[in-house]
Amino acid sequence: MQAAEVWGQRWTANDLPMARTYMEVACRKQSLVCLAADRSTMAGLNELIEQVGPHIAALKTHVDLVDDWTAEAWRAFCAKAQAADLLIFEDRKFADIGGISRKQMAGVYDIRSWSDLVTAHLISGPDIVDGLQAGWSDAGREGGVLLLAQMSSRGNLLAPDYTAQVVAKGKAHAGVFGFIGNGSRPEELALLRAAVGDGKLIWTPGVNLAVGDGEMGQRYGDPREAVLAGSDCIIVGSGIHKAAKPAEQAQAYAEASWQALCDR
Ligand code: S5P
């Protein structure tokens, strides 16, 4: 099926190249799943891509939690992700002033050279998006920023008026790919979608086929409900990487998310 047909208004209204790329990958894979690859060894990470690569559209990393990280092993891992037709999303949650964020895109991990997407908080003001975009252009590459508009963890401080300001500033910025919304609360997500409109994507963590409370204040909602409420990508971590059979679980999340998109 053509991406324009499946995504409808979201396709028409989103002209950021990276957003279109994501929508096309999701169609090829028939999956709106971004795997949160929260494993702490390179072997564990490589094994995950081999097992679930065909069922997911994007791979979310926390590069700084890998115990045996080396630049060479990471390069090979990213090449494997690209060969599996995955967008690479470093969930770094940048929050500093623009100039420092630009420098943090370089450094030991050199995030700018391998990431297609990164997360950022807008707490320091909108220049952070320019800083991150400058980071990618320093490396001759393009990428998109996902701004945290809501969070899934209990007691977080992203109150509705803060969310509204993040959305207003983010919607107006060409370097913003979309927003992180809370997948565990479909009603909050529907409000976020109404505020965002069709012009930016919303990706949602806090999603699990087993709805309820997770570890250390994490909360989970149902993947289908999240997509019906306006999520364009479900971010799933432990639901897949801690499962006895990760490939089977990844396929179940892919089917639930794709069916929900088609129904939407
Ligand atoms: O509000 C948030 C934002 C993010 S990006 N809540 C989250 O849980 N995340 C990330 O999503 C978190 O860093 C983790 O990598 C993933 C959720 O993993 P899970 O194991 O709870 O599914």
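Author: Happy to! The secondary structure comes to twelve helices and ten strands, where helices (H or I, at least four residues) and strands (E, at least two) are DSSP runs numbered from the N terminus. Keep in mind that this is a predicted model, in which local features need pLDDT of at least 70, side-chain atom pairs count only at pLDDT 80 or more, and totals for chains, interfaces and linings use all residues. Residues are numbered from 1 along each chain as its sequence is written, and side-chain values use heavy atoms, with hydrogens and water left out.

Let's begin with the whole. The C-alpha trace spans about 40 × 40 × 40 Å along its principal axes. For 264 residues, a compact globule would have a radius of gyration near 18 Å, and the 17 Å of this protein agrees with that; the radius is taken over C-alpha atoms, and the globule rule is 2.2 Å times the number of residues to the power 0.38.

Now we go inside. Of the 264 residues, 54% count as buried, meaning under 20% relative accessible area, with exposed over 50% and partly exposed in between (1.4 Å probe, protein chains only). In soluble globular proteins, nonpolar side chains tend to be buried together. Here the largest nonpolar core has 85 residues; such a core is a set of buried Ala, Val, Leu, Ile, Met, Phe, Trp, Tyr and Cys residues joined through side-chain atoms within 4.5 Å. Trp7, Tyr22, Leu59, Trp74, Leu147, Phe177 and Trp203 touch the most other members. Helix H3 gives the largest share of this core, seven residues.

Let's zoom in on Phe177. Leaving aside neighbours within four places in sequence, Phe177 is in contact (heavy atoms within 4.5 Å) with residues including Leu16, Tyr22, Leu117, Leu146 and Trp203. Across the protein, 69% of contacts between residues at least 6 apart in sequence join residues at least 24 apart.

Gln30 lies between helix H3 (17-29) and strand S1 (33-36), and is partly exposed, with a relative accessible area of 41%. Its phi is near 50°, a positive value in a residue other than glycine.
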